[in-house]
Amino acid sequence: MTKRSGKSGEWLQQLVFVGPGLIAFSIIVLVPFLLGFYYSFTEWNGLDLNKAHWTGMDNLNRIFMRDDKFWAAFGFTLRFTAVTVLASNLLAFLLALMLTRALKTRNLLRTVFFVPNVIGGILLGYIWQFIFTKGFKTIGEMTGWSFFEQPWLGTAGTGFWGLVIVFVWQSAGYMMVIYIAALTGVPKDMLEAATIDGAGYWQSIRKVTLPLIMPAITVCLFLTISNAFKMFDLNLSLTKGGPGTSTQSLAYNIYAEALVNNRYGLGTAKAMLFFLAVSLIAVTQVWLTKRKEVEA
């Protein structure tokens, strides 16, 4: 009886502590996910539950066989992710290298570079929309520089690079903080030993620093890949997928399908494919970079 009552007390204690969180997680995440999985096999307008008709694999057949806009958005998202992940992490790492030196203004500069990450994506998009359409135009008229006289956000090419610039400007500061934390943890004696052995500055970074901060690189790559794939707010506020659908991200395509066209079943099917693609890419990236981690 004593053992049984002890186990019952442990279960009750665990239920009290874990139960509320588990219920909240189920209501907010698990149940909507399972419902979304169900609705991805239906034709539904998102308004009347009684009009959700089971269609089986029709939505998936439509996506894979007849939905050119979805695959165009998927290709755009892949290109955007590749460029922004590389640019964000490279810029963040260089900033971290600079701001781990003995600069008098390094704390101020860290704050300045981190602030864009605090600004919400929608607000940030409208600010940069004004800069691209009004600010750059004015600078171009004053200086005559062709860079500022381009039709920013007016073509597929400038719209793509406009989104890249804003995303990198927003995300680099946050990644910089992670890299700074990792760089300050690199043992000084190992760097000094590399210098004594004749290694130059960049050789020390490549052979000593980068392997030791690989856990931070893993985290930063994971964050930038997932955030770039899920990019929606900047797309909505800067280009709205235009001109036409040439700068439409995958997240924006799903939004337009479900909330603009009122095809929730098809939109949910796209969202499920989106979830699987992002999960597969993110897990693969973490697995590859984890293999390169070393201990100091």
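Reader: Which residues does UniProt list for "transmembrane region" in this chain?

Author: The unreviewed UniProt entry lists residues 12–39, 70–99, 111–132, 160–187, 208–229 and 271–288 under that name. The coordinates beside you are a predicted model, and two of the listed spans can be read against them. Residues 12–39 are 100% helix and 0% strand, with end C-alpha atoms 36 Å apart, while residues 160–187 are 86% helix and 0% strand, with end C-alpha atoms 41 Å apart.

Reader: What does the record give as a domain, and what is the helix content over that range?

Author: The annotation in the unreviewed UniProt entry reads "domain: ABC transmembrane type-1" and covers residues 74–285. Over that range the chain is 80% helix and 0% strand, and the end C-alpha atoms are 19 Å apart. For the chain as a whole, the count is 13 helices and two strands.

Reader: How should I read the overall dimensions, and what radius of gyration does the chain have?

Author: One starts from a reference value: a compact globule of 296 residues would have a radius of gyration near 19 Å, but this chain has 24 Å. The C-alpha trace spans about 80 × 70 × 35 Å along its principal axes. Buried residues make up 39% of the 296 residues, and the chain exposes about 17,600 Å², of which carbon and sulfur atoms supply 68%. Among contacts between residues at least 6 apart in sequence, 71% join residues at least 24 apart.

Reader: At what angle do α9 and α10 pack, and which residues make the contact?

Author: Helix α9, residues 201–212, and helix α10, residues 214–229, pack at an angle of about 65 degrees, with their axes 5 Å apart. Leu210, Pro211 and Leu212 of α9 meet Met214, Pro215 and Ile217 of α10 in this contact.

Reader: Is α12 enclosed or open, and what covers its buried residues?

Author: Eight of the 11 residues of α12 are buried, so this helix is largely enclosed by the rest of the structure. The buried residues are Leu250, Ala251, Tyr252, Asn253, Ile254, Ala256, Glu257 and Ala258, and what covers them includes α3 (68–99), α11 and α13 (264–290). The general point to keep in mind is that an α-helix has 3.6 residues a turn, so residues three or four places apart point the same way. Just after α12, Asn262 takes a positive phi of about 60 degrees.

Reader: Which peptide bond is cis, and where is its proline?

Author: The bond from Gly242 to Pro243 is cis, with omega near 0 degrees. Pro243 lies in the loop between α11 (233–238) and α12 (250–260), and Lys240 is also in the loop between α11 and α12.

Note on methods
Residues are numbered from 1 along each chain as its sequence is written. This is a predicted model: local features need pLDDT of at least 70, side-chain atom pairs count only at pLDDT 80 or more; totals for chains, interfaces and linings use all residues. Side-chain values use heavy atoms; hydrogens and water are left out. UniProt positions are given in the numbering used here, feature names are shortened, and annotations may be inferred rather than shown by experiment. Helices (H or I, at least four residues) and strands (E, at least two) are DSSP runs, numbered from the N terminus. Axes are lines fitted to C-alpha atoms, for helices over the stretch in contact, and angles run from 0 to 180 degrees between N-to-C directions. Contact means heavy atoms within 4.5 Å. The radius of gyration is taken over C-alpha atoms; the globule rule is 2.2 Å times the number of residues to the power 0.38. Buried means under 20% relative accessible area, exposed over 50%, partly exposed in between (1.4 Å probe, protein chains only). Accessible areas come from the Shrake-Rupley method with a 1.4 Å probe; for residues, only the protein chains shown count as cover.
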